[in-house]
Amino acid sequence: MPPIKHKALINVDLGEGYGNLKCGPDDELLPFIDIANVACGFHSGDPLIMSSTVSACKARNIRIGAHPGLPDLQGFGRRYMQLSPEELTAITVYQVGALKGFLDAEGVKLNHVKPHGVLYGMMCRDLEVAKAVMRGIPKGVPVFGLAGTKMEEAAREEGVDFWAEKYGDVKYSPDGMLVIDRIKKPWKTEDVEKHVRQQLETESVTATDGSTVHLPVKEYPLSLCCHSDSPGCVEIVRTARQVCDEFNREHGFS
């Protein structure tokens with residue numbers, strides 16, 4: 001399999017608190033990341049949190065994207081819901097527009113859109129769901145997704161630029177899909193290192209049944225995702241950062 005042709009960047013989901021409730025240690029994670037996916041209010045996040053998250057990311061020159069999810073605050077966007085294509089497009093427009101208002105106020109560009117949780121999983125498996133969400137993404141804004149799935153196919157059909165993702169703290173099923181846990185489980189740092197290194201160096205992953213699954217990036221730009229609600233997330237992201245930096249140096253990516 002040909003080597004990955006792009007620098008490995010790290011993205012993390014941020015701003016996933018609500019009111020007085022805080023989800024992850026966002027401030028501690030900022031020094032280790034390149035890209036933030038900011039919750040837009042449906043699975044988590046609220047106006048004040050969105051505003052402060054955008055300001056914090058701007059101060060560190062972190063690229064900012066929208067992280068729209070299903071309208072499920074109690075389930076954190078990690079429960080299946082059946083919505084019409086029109087609803088899926090509308091909730092995407094609504095959430096991306098909400099974040100863009102804060103970005104515009106700070107003079108910051110919308111970098112990308114990355115769907116959240118079960119919505120992401122639904123898009124990987126269902127072309128019509130994926131196409132409906134793609135239609136809600138502003139023209140010229142890329143989507144982050146799982147290569148080799150219906151997300152990639154939908155992006156191509158709808159004319160949306162595509163970035164391939166890999167995951168530092170999510171397991172994969174034997175069919176190459178993500179195993180989406182409603183509540184994140186802890187990872188040992190040595191397992192994170194092995195998991196990330198395998199994906200970057202071999203474009204493959206060891207699935208939950210022990211089989212090896214190929215995850216080709218093709219020619220797409222690449223980003224590795226970690227989550228701010230994973231137990232021990234700071235060490236997870238720190239470890240992923242170290243592996244990505246090693247990979248980038250070895251392959252001459254500045």
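**Salt bridges, buried and partly exposed**

Reply: Lysine 114 has a relative accessible area of 2% and is therefore buried, the limit for that term being under 20%. This value, like the others below, comes from a predicted model.

The partner of lysine 114 is aspartate 13: their side chains form a salt bridge, with 3.9 Å from N to O. This pair connects distant parts of the chain, since lysine 114 belongs to the loop between helix 3 (85–106) and helix 4 (117–125), while aspartate 13 belongs to strand 1 (residues 8–14).

A second pair consists of aspartate 34 and arginine 241, whose closest N and O atoms are 3.0 Å apart in a salt bridge. This pair also links distant parts of the chain: aspartate 34 is found in the loop between helix 1 (26–29) and strand 2 (35–39), and arginine 241 in helix 8 (residues 233–250), 207 residues apart. Arginine 241 has a relative accessible area of 13%, and it is therefore buried.

The largest nonpolar core has 79 residues, and Ile33, Leu99 and Leu200 are the ones that touch the most other members. Helix 8 supplies the largest share of this core, 8 residues. Helix 8 is also the helix that holds arginine 241.

The pair formed by lysine 150 and glutamate 153 has another setting. Their side chains meet in a salt bridge at 3.5 Å, N to O. Both residues lie in helix 6 (residues 150–158), and they are 3 residues apart, about one turn of the helix. Lysine 150 is partly exposed, because its relative accessible area is 32% and that term covers values between 20% and 50%. Glutamate 153, at 22%, is partly exposed as well.

Salt bridges may also join into a network, as they do here among Glu193, Arg197, Glu201 and Glu246. In total, the structure holds 20 salt bridges.

Terms used
Residues numbered from 1 in each chain as written. Predicted model: local features only at pLDDT ≥ 70, side-chain atom pairs only at ≥ 80, totals over all residues. Heavy atoms only, no water. Salt bridge = Lys/Arg side-chain N within 4 Å of Asp/Glu carboxyl O. Helix = DSSP H or I, 4+ residues; strand = E, 2+ residues; numbered from the N terminus. Buried < 20%, exposed > 50% of the residue type's maximum accessible area, 1.4 Å probe, protein only. Core = buried A, V, L, I, M, F, W, Y, C linked by side-chain atoms within 4.5 Å.
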